[in-house]
Amino acid sequence: MAAEPDTRSMPDAAAAARDWSLRPMRATDVDAVMEIELRAYPFPWTRGIFDDCLRAAYPAWVLHVDRRLAGYGVLSVAAGEAHVLNVCVDPELQGRGHGRRLFRALVDLAQQHDAQRVFLEVRPSNPNAVALYYDEGFNEIGRRPRYYPAHNGREDAIVMARELFGAD
C-alpha cells in the first residue's frame, strides 16, 4: 500500500478547516460515504460499486474535517495510468477548499502508484468541478457522448487528463 499523500504544503489547509485528515477508506466507512453520495448526486453510485472498488483494492480515501467524514475519493491505477472515478465532498461543506485538498491527494496517490497520467470525466453541468480540474492542470482531451444519466435523458462527459511527468 502506498504511503499517505503529503498534504502539508497545501495552501488552503489552515483556512479550510481547523482539523482535517486523510486516510484509506474502509468497509466500515461505506454507510457514511453513501449518506454523502445520496445527498450530493441526483444519480449516485450504489453501495455495491463502493464495495466492489474496495474489494478490488482501488485506492479509495476519506477526508475527515473536524472529526466527521466530509468527503471521499476513488482512483483506479493500471498500466501507468490512473483514473479518478469519484471525488465528492459533503454538500454542506463544499466551497471551502476540501474538494481541492481531496483531489490533490488522489493525484498524489496516482503518482505514488507510478502513474504517468491521470484521466477523469466530468459533467459539463458541473462548472465548479470543471474549473477546479483546469486549475489543477488538467486539459480537455475529448467528450463521451451521452455518458451520464440526466433528468432530461443523458449528458455528455468532458474527458480530461494531466500528464504526471516531472510533476512537483
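A salt bridge is taken here as a side-chain nitrogen of Lys or Arg within 4 Å of a carboxyl oxygen of Asp or Glu. The structure is a predicted model, in which local features need a pLDDT of at least 70 and side-chain atom pairs count only at pLDDT 80 or more, while totals for chains, interfaces and linings use all residues. Residues are numbered from 1 along each chain as its sequence is written, and side-chain values use heavy atoms, with hydrogens and water left out.

A word on confidence comes before the details. The pLDDT, which is the predictor's confidence in each residue on a scale from 0 to 100, averages 90 over the protein chain, and 88% of the residues score at least 70. Over residues 6–17 the pLDDT is below 50, and this stretch has 19 contacts in the model beyond near neighbours in sequence (contact means heavy atoms within 4.5 Å). Where pLDDT is low, the predicted coordinates should not be read in detail.

The structure holds 15 salt bridges. Among them is the pair formed by the side chains of Glu 136 and Arg 100, with an N to O distance of 2.4 Å. This pair links distant parts of the chain, 36 residues apart: Glu 136 lies in the loop between helix H5 (127–135) and strand E6 (139–150), and Arg 100 lies in helix H4. Helices (H or I, at least four residues) and strands (E, at least two) are DSSP runs, numbered from the N terminus. Glu 136 is buried, with a relative accessible area of 11%, whereas Arg 100 is partly exposed at 22%. For these labels, buried means under 20% relative accessible area, exposed means over 50%, and partly exposed is in between (1.4 Å probe, protein chains only).

Glu 136 also meets the side chain of Arg 104 in a salt bridge of 3.1 Å, N to O. Here too distant parts of the chain are linked, since Arg 104 is in helix H4 and Glu 136 is in the loop between H5 and E6, 32 residues apart. Arg 104 is partly exposed, with a relative accessible area of 21%.

The axes of H4 and H5 come within 11 Å and cross at roughly 50°. That makes H4 oblique to H5, given that angles under 35 degrees count as roughly parallel, over 145 as roughly antiparallel, 65 to 115 as roughly perpendicular and the rest as oblique. The contact is made by Gly 99, Arg 100 and Phe 103 of H4 together with Leu 132, Tyr 133 and Asp 135 of H5.

Elsewhere, the side chains of Glu 92 and Arg 68 meet in a salt bridge of 3.4 Å, N to O. Glu 92 sits in the loop between strand E4 (81–89) and helix H4 (98–112), and Arg 68 in strand E3 (residues 68–78), so that this pair, 24 residues apart, links distant parts of the chain. Arg 68 counts as partly exposed at 33% relative accessibility. A network of salt bridges links Arg 39, Arg 68, Asp 90 and Glu 92.

Two backbone details complete the picture. Ala 57 is not a glycine, yet has a positive phi of about 65°; Ala 57 is placed in the loop between helix H3 (47–55) and strand E2 (60–65) and counts as exposed at 61% relative accessibility. Asp 66, also not a glycine, has a positive phi of about 50°. Asp 66 is found in the loop between E2 and E3 and, at 34% relative accessibility, counts as partly exposed.

Note on methods:
Axes fitted to C-alpha atoms, helices over the stretch in contact; angles between N-to-C directions.
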